[in-house]
Each structure stands twice: as C-alpha cells, then as structure tokens.
Amino acid sequence: MSDGNQLTDRPSWKALEGHFEKVRQLNMRDLFAADPRRGERFSVEALGIYLDFSKNRITEETIRLLLDLAKSFNLRERIDAMFAGKKINITENRPVLHVALRTPESQGILVDGENVVPKVHQVLDRMAAFATKVRSGEWKGHTGKRIRHVVNIGIGGSDLGPMMAYEALKHYADRALTLRFVSNIDGTDLAEATRDLDPAETVFIVCSKTFTTIETLTNAQSARAWCLKALQDKQAVAKHFVAVSTNADEVARFGIDTANMFEFWDWVGGRYSYDSAIGVSLMVAIGPDRFREMLEGFHAMDQHFRTAPFEKNLPVLLGLLGVWYGNFFGAESHAILPYDQYLWRLSAYLQQLDMESNGKRVDLEGQSVDYQTGPIIWGQPGTNGQHAFYQLIHQGTRLIPCDFIGFCQSLNPMGQHHDQLMANFFAQTEALAFGKTAAEVEAEGVNPTLIPHRTFEGNHPTNTLLAMKLSPEMLGKIIAMYEHKVFVQGTIWNINSFDQWGVELGKVMAKRITSELVSEAEPSLHHDSSTNALIQRYRRFRSV
C-alpha cells in the first residue's frame, strides 16, 4: 500500500524535506516578480469556485512533490473505498458514508450488500412533508394554534451544523418562522432561547442518535417541562416535539409520536450530518426545494473530489497545502476568513469538522505518530476580524495560513458596501503576501524610530476562494470541499478521521462527579487533590 512505514520514513516525505530546505526562504515578492503569470498558473476553477493558491510559499516542484506524497498513500483508492461503503472507520467497524446523504435516488451505494440510498430519500421525503406542514400552517399545536417557532435541541454536529447552515442561508428562510438553537447544558441557553416564545406556538426538534446524550436530553426534559407548565396536558408533547434519532423506545417514552421520528444511521458521523435528518430544522426554514438544491451542491463537490485529477482537485489541493505548512513550516493553526456576514458561524462549524476528525495522536495501526496532525481552526468574518486578530497575522511571530472566502455578488446590495467589503478582501491577501519593506516605509518620510513598527515582512500564505454568490447549492459545495479536505489530510497522516474517542472521557467522568455534587450526604471523594477541593468548594456555595 505504501512506500515506507511511518510517514516521515517514506521516500516521498524525504523528497519533500529536501525540497523544503531549498525553498523555505523563498519570498513571494521574488516568486511573483520572476513569473508575471503566477496568479493564473497557480489557480483552479471548478463548480463555480475559483481557487487562487498563488499566494503560497510554493513552486511547481512543491505541488508535484505533494501530489507524489498523496499518491504514495493511495489517496485515489482510499477515496474509492469511502464512496464504495467500505468500513474505513476501523475503530468502530463502520462505513463512512455522509456522501450517501446527497446521492441522487437513481444511484446506489451498498452497505453490507444493501443499497442505502432509497432509505435516505425516504427520510428526505418524510422531512419534506413535515417541513411543508409547518411552513404552510397545517401543523397545529395542542391548542390549535399555528406553529411559529422552531427550537432545535442538539449538541456538536447536531447543533453546529444546522445552526451554521441556517445562519448561512437565512436570506432564503421564511422570516415568519423563528428558529432557535439550544446546545449548551448551561440552563441559560434554553432559558434565553425560550424566554419570548409562546409554548402553544413552539415545536422542539430533539436531535440525538441514541436519545441518551446527556446535554441534549437534559435540555429536552427541561423544554418539555416548560411546555407542559403552560399547556397542562401530557398529550401536548406529541404536537410540540419531534425527534431525530434511531431509538424509538426512548423517543416514545419521552412522549414523542414515533411517526414523527426522523432516522439517520451509524455510518453518518455527527459532524458530517447536517445534510441528513439532523437538518430538518434547516429544511423547515428554507423549504424542501432549497434544501435539495443544497444537497445537489454537496453531490457536485463529491463527484469533483472523486473524479477530478488531483492537480485540479479543490479538496486535494487545499489538503496538501495544509500538510505543507503544518508539517514542514510548523504552522499550528489555520484561519478561516469568510467575507460574508451570513457565514459568521462557518469557522465554529469547521472547528469541529477538522479538529474532531484529525485531532489524533496515533495512526491507523495504533502507533504514536512522530509528526504534527490536525491544526487549530479558528476565524471570524471580514471585516470584523481585521479589527481584532489580523494584527497578529500581519506582524506577529506565528505563521498562520489563511483561507479567504468571498463572493462577487451580495445578497443584500446596499450602496458601496459590497465593493468596500471586497476591496478589503483583496487588499488583505495582497498585504499578507507582499507586506511593506523598511525602505518603502522610509520613503514615506516616517520618523526613523517608527520604521521597525511600521514594516510588514509579508510572505504570509493565503488561499483565496471566490464564487459568484452564496446560495444553498454553493454552501453545499463549500462544506463538502472542506469535508473532503479533512479526509485528504487524514489519509496523508494515516489516522482515522471518523472516530472521536477523545470526546468521551470527560463525559464519563462528569456523570460520576454529578452524583457527588448533588448528593445530600457528604460524598467520599477519590479524585486528585485539586478536583476534590474544587468539588468541596462548589458544594459549600452552590445553594448559598
């Protein structure tokens, strides 16, 4: 399968190490001066997305060697295995088939000999029927009032996904409906989400695959109590709660009619799930037709990833560039900078997608790795970020590769707002790449003592992603692009991008500590001295 054992022992890796020593001091000013057409040659356009990766510390040889690295890990075969439904999530013995969630009904994907695509579309049809009833007013609450408020209760991918997508596509949403999202077990989250809502006009969508997730079920039980306090009839639960789950027994025990339970499957990871039934709140907001447009965008990027040559493949190029900076330049983080206010939750969503997937310290064989894996993902929309953390990117001591995401057309044209927004978009990538030399500062007649403070070294790498406008279809393409980028990097690092055991330990320990916090009797504590003291202090003051 490979041309070596550990990643760093492979000939393809060694070749990149040698190349890095030759090019590490290259400056983008020199690269652009030597090649007037660099901006054209280091760019790719696919599916309405224009990727300019010319403002990177790379040469054509860099790209060739990175592609060789991908081939040495049989990336193409690994992609085919995922799309074929093979159980590439080896620690849980599961397929990885979020791609099936957006596969057309005319196509098939087999899992253990069964075509799963018809089931996907059956659930989509049931979601569409529910969404249509809510949007039209046909779905009535217990008192006969029309539903006007939808509250999604979930956590992790069951919250970050639909919330991000709702905010991204709010322009297309039915504004007669109020959508809220509750995830934090902190009671403040639920209290603020429901404070101004009428229980008789509110439906809750409880998203939990097992219907046992402690944060989600705690919030759902409190939402149930809030609803029943006003409606005074347990039968009301069936009119004001629906579930996204696979545990029909627990759903029924809660009081939800299982006819209003939308299924998804264990071959869908939570952070890859908002285009499944987890997205039913989004479908209510934007309507079934727009939701299906989004799925078409996802599928188009899936097919691009699956079939495009690697040198023109958007997720592959982005993934390999991330490896270049993380493993050779030592960059520890990556900024996602969308210049569109609708995408204000994108970086938070991509934090989970990337960091939960590739935050791993052992490889597929269970051996500790001797190289850096997943980066820290962070960011804010422009231009807000420019007045917050761009200072550190421009003049700080850390190398922070950035993705700039922008659109040629605004969904809310208003004077020169969009022109000014995009002027900043283009200016920032130019300033990061080329900076401002001491000689240029001096030529402006600046006080000599200020020259070091006003000099910008530049040479900061960026990728520019430019599309026509933000639409449901385009959002699907962008999210699928990042999903597959994460997969590419996980393949190179030889790790399992599809489990998340690191999420579990703290949750298990929290269950034990909860009983110690609320016990009437003074419990016998057997933690470390710090945790014991903190628990004792909390018990003393929790009810004062």
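**Close-up views of a predicted model**

The residues lining the second largest cavity fall into nine nonpolar, one polar and no charged. This and every other view below is drawn from a predicted model.

View 1. Two or more of the lining residues come from each of β12 (402-407), β13 (462-467) and α19.

**View 2. The largest cavity holds about 100 Å³ of space.** The count of cavities of 30 Å³ or more comes to six. Around the largest cavity there are 14 lining residues, and those nearest its centre are Gly-322, Gly-326, Ala-331, His-334 and Pro-375. Helix α14 (314-329), strand β10 (333-338) and α19 each supply two or more residues to this lining. The largest share, four residues, belongs to α14. Sorted by class, the lining of the largest cavity has six nonpolar, seven polar and one charged residues.

**View 3. The largest pocket has a volume of about 1000 Å³.** It is lined by 38 residues, and Thr-213, Gly-270, Gln-500, Glu-504 and Lys-507 are the closest to its centre. The elements that contribute two or more residues to the lining are α7 (157-168), α9 (214-231), α15 (346-358) and α20 (504-518). Helix α20 gives the largest share, with four residues. The lining of the largest pocket comprises 14 nonpolar, 14 polar and ten charged residues.

**View 4. The second largest pocket has a volume of about 390 Å³.** Among its 19 lining residues, Asp-340, Gln-341, Ser-410, His-418 and Leu-421 are the closest to the centre. Helix α17 (residues 417-434) provides five residues, the largest share of the lining. By class, the lining of the second largest pocket contains six nonpolar, eleven polar and two charged residues.

**View 5. Ser-497 sits in the loop between α19 (472-493) and α20.** Ser-497 counts as buried because its relative accessibility is 2%, and buried means under 20%. The side chain of Ser-497 makes a polar contact of 2.6 Å with the side chain of Asn-358. Leaving aside residues up to four places away in sequence, Ser-497 touches Arg-271, Tyr-272, Ser-357, Asn-358, Lys-360, Val-486 and Gly-490.

**View 6. Helix α13 spans residues 288-307.** Its 20 residues reach 28 Å from the first C-alpha to the last, close to the 28 Å expected at 1.5 Å a residue. The buried residues of α13 are Pro-288, Phe-291, Met-294, Leu-295, Gly-297, Phe-298, His-299, Met-301, Asp-302, His-304 and Phe-305. An α-helix has 3.6 residues a turn, so residues three or four places apart point the same way. Along α13, the buried set includes Phe-291, Met-294, Leu-295 and Phe-298.

**View 7. Phe-211 lies in the loop between β7 (202-207) and α9.** Phe-211 is not a glycine, yet its phi is positive, at about 55°. Most residues other than glycine have a negative phi. The relative accessible area of Phe-211 is 2%, so Phe-211 is buried.

**View 8. Gln-232 is placed in the loop between α9 and α10 (237-240).** Gln-232 also has a positive phi, of about 60°, although it is not a glycine. Gln-232 counts as exposed because its relative accessibility is 64%, and exposed means over 50%.

**View 9. The peptide bond from Gly-382 to Thr-383 is cis.** Its omega is near 10°. Most peptide bonds are trans. Thr-383 is found in the loop between β11 (376-378) and α16 (390-395).

Notes. Residues are numbered from 1 along each chain as its sequence is written. This is a predicted model: local features need pLDDT of at least 70, side-chain atom pairs count only at pLDDT 80 or more; totals for chains, interfaces and linings use all residues. Side-chain values use heavy atoms; hydrogens and water are left out. On a 1 Å grid over the protein atoms alone, a cavity is a set of points where a 1.4 Å probe fits but cannot get out, and a pocket is an open set with protein on both sides within 12 Å along at least five of seven lines; lining residues have an atom within 4 Å of a point. Grid points are joined across faces, edges and corners, and a volume is the space filled by probe spheres set on the points. Ala, Val, Leu, Ile, Met, Phe, Trp, Tyr, Cys and Pro count as nonpolar, Asp, Glu, Lys and Arg as charged, and the others, Gly among them, as polar. The expected span of a helix is 1.5 Å times one less than its number of residues. Buried means under 20% relative accessible area, exposed over 50%, partly exposed in between (1.4 Å probe, protein chains only). A polar contact is a pair of N or O atoms within 3.5 Å; within protein, one must be able to donate a hydrogen and the other to accept it, and residues adjacent in sequence count only if both atoms are side-chain atoms. Contact means heavy atoms within 4.5 Å.
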